[in-house]
Amino acid sequence: MSDASRLWVYLAASPLLWLAMTLLAYAIADRLSLAAKRHPLVNPVLIAVAALSAMLWASGTPYATYFEGAQFVHFLLGPATVALAIPLHRNWPVVRRAIVPILAALGAGSLTAVISAVGIAWAFGAPYELLASLAPKSVTAAIAMGISEGLGGNPSLTAALVITTGVLGAIMVTPMMNAMGLTDYRARGFAAGVASHGIGTARAFQVDPVAGTFAGIALGLNGLITALIVPALMAWLR
Amino acid sequence: MIEAILILLVCQLFGEALARGLGLPVPGPVLGMALLFTALQVRARLRPDAPGVETLPLGAVAAFLLANLSLLFVPAGAGIMSHAATLAEHGAGLIVALVLSTAVTLAVTALVFVKVAGLGRRGDAP
């Protein structure tokens, strides 16, 4: 065995390589996003995921091997969700005054997200398992996978649809809100959180701290309400 | 620093324990967020002169995590490729559903928020 292939065998078996590659891909993607002045199309998640997918494909690395390294980053999603309590606490006076619009927008947005996605895919002839995997696509991955599993969907496909929705929302929110002439950062952030969970929230924090706070609230509340309404709505389609 | 990380982990731990113990449909970290938020509100009530949380290590750790929130979705995102077959088979319908649904949800949520907020403001005026 050559020295190079021996090194590869060692690296491929340790979590070090793919943990480092995940951070490298993101560091480059974030630099690009900064250089493009946070242009919505230059989305750091999209670029990093594309780069890593290419690396995994080129090296023939299975996703499970990759995840052994990347799980340390993935794990931080939990503590980061808890950390949303800090901007919520700091901006509480602003949030409390907006409690009525928050609840109204949450109900409307949550229903729209589920019914429009399932309705369109159903019109295209998607089978039930796919519809069940798609229904919770606007909520954060952990909740969405639980909902999908409970309905007989495919949780890992749901995770892929959730991430795609997140990236789409993060790309669309700024140009759409500008085109609609909406300047209220509370509404813009809240919409990003309802439609595209944590990736939308990450985008909202890039734009404005108040938008980020409202996106974080939307992410938590939408996870809760979607877990309640999706099983009821999907019972119709069975 | 260690204490700040510990606070986040303990809140998540209690959140997970509550969610699983009571069979709630909410994920542990979201309950953990609610717990930490409640604790911060109580702290601000009891000690109004205490320094703001943003000046504490907890505030610094939270700011660091939230500033790099995008990174945390990358490992899950790299899994999309393993569903290439399903996505190719139902690609058109799924892509149309995801794009349209996301756009409509963004518009409806933001418009309802702004309209209802506007109603409230008009209601306040004499």
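## Surroundings of V61(B)

Leaving aside residues up to four places away in sequence, V61(B) touches M1(B), A4(B), I5(B) and L8(B), where contact means heavy atoms within 4.5 Å. This is a predicted model, in which local features need pLDDT of at least 70 and side-chain atom pairs count only at pLDDT 80 or more, while totals for chains, interfaces and linings use all residues. Residues are numbered from 1 along each chain as its sequence is written, chains are lettered from A in the order in which they are written, and side-chain values use heavy atoms, with hydrogens and water left out.

V61(B) lies in helix α3 of chain B, residues 57-67 (helices are DSSP runs of H or I with at least four residues, numbered from the N terminus). V61(B) is buried, its relative accessible area being 7% (buried means under 20%, with a 1.4 Å probe and protein chains only). Although V61(B) and M1(B) are 60 residues apart along the chain, their C-alpha atoms are separated by 7.4 Å.

## Interface of chain A and chain B

The contact between the chains takes 88 residues from chain A and 65 residues from chain B. About 6900 Å² is buried between chain A and chain B, and carbon and sulfur atoms give 84% of this area (the accessible area, with a 1.4 Å probe, that two parts lose on being put together, summed over both).

## Charged pair at the interface

Between chain A and chain B the count is 1 salt bridge, defined as a side-chain nitrogen of Lys or Arg within 4 Å of a carboxyl oxygen of Asp or Glu. R90(A) forms a salt bridge with E54(B), and their closest N and O atoms are 3.5 Å apart.

How values were computed: Helix = DSSP H or I, 4+ residues; strand = E, 2+ residues; numbered from the N terminus. Buried < 20%, exposed > 50% of the residue type's maximum accessible area, 1.4 Å probe, protein only.
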